[in-house]
Amino acid sequence: MMVTRMTTTKKCLNIGMIGAGSSATNIATTIATIPDLKLAAICDVNKDAAQKIADANKVQFVTTDYKELCKQEVDFVVISLPHGLHKEVAVYCLEQEKHVLVEKPIATTVEDAQAMISLAHKKKLKLGVHFQNRFIDAVIEAKKLIDSGKLGRILQASVSVMWFRDTDYYKKSSWRGTWKMEGGGSLINQAIHPVDQMVYLVGNVRCLFGAWGHLVHPIEVDDNTCAAFVFESGAFGTIQTSTATKAAFPAKLTIFGSEGGIEIDGNVLTIFKADGTKDRIDFAAKEGGQVASATDPKKFSVIAHARLMNDFASAIRENREPLVSGEEGLRSIKVVRAIYESNGEKIINIK
Ligand SMILES: NC(=O)c1ccc[n+]([C@@H]2O[C@H](COP(=O)([O-])OP(=O)(O)OC[C@H]3O[C@@H](n4cnc5c(N)ncnc54)[C@H](O)[C@@H]3O)[C@@H](O)[C@H]2O)c1
């Protein structure tokens, strides 16, 4: 009898990275841990930055022009650029038949995000957004708890990211603190992960009233925001963000249900039970389970990044949507833009 051996080896996918800054360095470190992914090309207008990542990861092709990178044999590109460039570069890469994994936020406006999503569908290519914090254990566990109904009806949710960035943070980097290139400040940049986790766990926001201001830093965009809103489910929510409070509070997403609640602080999950007791599960203590915090923005979870990268690669191999697709990335940007547009003056209905 003939026995056919099944091979389980996955096709190795070549990646081109556009942008070689701090986030790209973390992603390159992650790619090096995944056997069937290879960083094959890297681009940055700052050649030294690109070369540094190339040397550390044995990357063959280095360029300062992302259009040149697109001529290479890469299966997908990772875009890790200032927010204001996400749309332009993603559209170009999609036009060149490349799948695109773009860093958070998907884009600076709802319209730009929608244009990227439509083009990816038209070209039958994958578009993913790098919200790796959906893949941390605290969020995976929280999702199971909510979907199983153990928290009862979700009544309210709140996001609090009251962090600090010093003046140098804005001075040293010309794109930060500007509407054109950062597209906002504390809300679109620092708080976007918990806002994404909130819409993922609780649902879309229907309408909101928000306010923003630059109360301390000499920047165009927000160093403080707040908002109150109603979810499509009828639950209520609040958001408060800052890059101007030196006290370095933890970043928290709290979800209150009729039968209990949860709090996610980095990769630590606290479960508040109906009997008044609570369980605290510290996933951050595990190797690779750390995430950025007020005091250490450079910390990152290799595990969460790798889960996201593996899912995106599988989506290409299996011709399915990635778990964090363009549409998923759009959900948080709708909330962010509505807060900026509300501007302490009007209630915004989110479509
Ligand atoms: N997922 C996360 O947890 C996480 C963490 C940090 C940053 N980010 C995101 O990553 C992206 C980049 O942020 P960063 O902190 O790495 O910024 P950064 O300033 O450290 O890096 C950006 C890089 O882009 C390069 N660049 C600018 N214009 C370019 C162009 N036209 N072509 C090629 N290169 C160009 C710059 O030279 C710079 O090296 C942003 O979207 C940011 O929000 C995500």
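## Domain layout

Domain bounds here come from an automatic or database domain assignment. On that basis, the centres of domain 1 and domain 2 lie 23 Å apart, taken over C-alpha atoms. Domain 1 spans 13-131, and domain 2 spans 134-349. The model is predicted.

The two domains touch. Domain 1 gives 37 residues to the contact, and domain 2 gives 39 residues.

## Buried area

Together, domain 1 and domain 2 bury about 3,300 Å² between them. Carbon and sulfur atoms carry 71% of that area.

Three residues of domain 1 lose the most area to domain 2: His83, Lys126 and Phe131. Together they account for 23% of what the domain 1 side buries.

## Polar links and the salt bridge

Arginine 317 and aspartate 36 meet through their side chains in a salt bridge. The N to O distance is 3.7 Å. This falls under the salt-bridge rule, because a side-chain nitrogen of Lys or Arg within 4 Å of a carboxyl oxygen of Asp or Glu qualifies.

## The domain 1 face

Helices and strands both contribute to the side of domain 1 that touches domain 2. The strands β1 (13-18), β4 (76-79), β5 (99-103) and β6 (127-130) each supply at least two residues. So do the helices α1 (22-31) and α5 (110-122).

By class, this side of domain 1 holds 21 nonpolar, 13 polar and three charged residues.

Terms used
Residues are numbered from 1 along each chain as its sequence is written. This is a predicted model: local features need pLDDT of at least 70, side-chain atom pairs count only at pLDDT 80 or more; totals for chains, interfaces and linings use all residues. Side-chain values use heavy atoms; hydrogens and water are left out. Contact means heavy atoms within 4.5 Å. Buried area is the accessible area (1.4 Å probe) that two parts lose on being put together, summed over both. Helices (H or I, at least four residues) and strands (E, at least two) are DSSP runs, numbered from the N terminus. Ala, Val, Leu, Ile, Met, Phe, Trp, Tyr, Cys and Pro count as nonpolar, Asp, Glu, Lys and Arg as charged, and the others, Gly among them, as polar.
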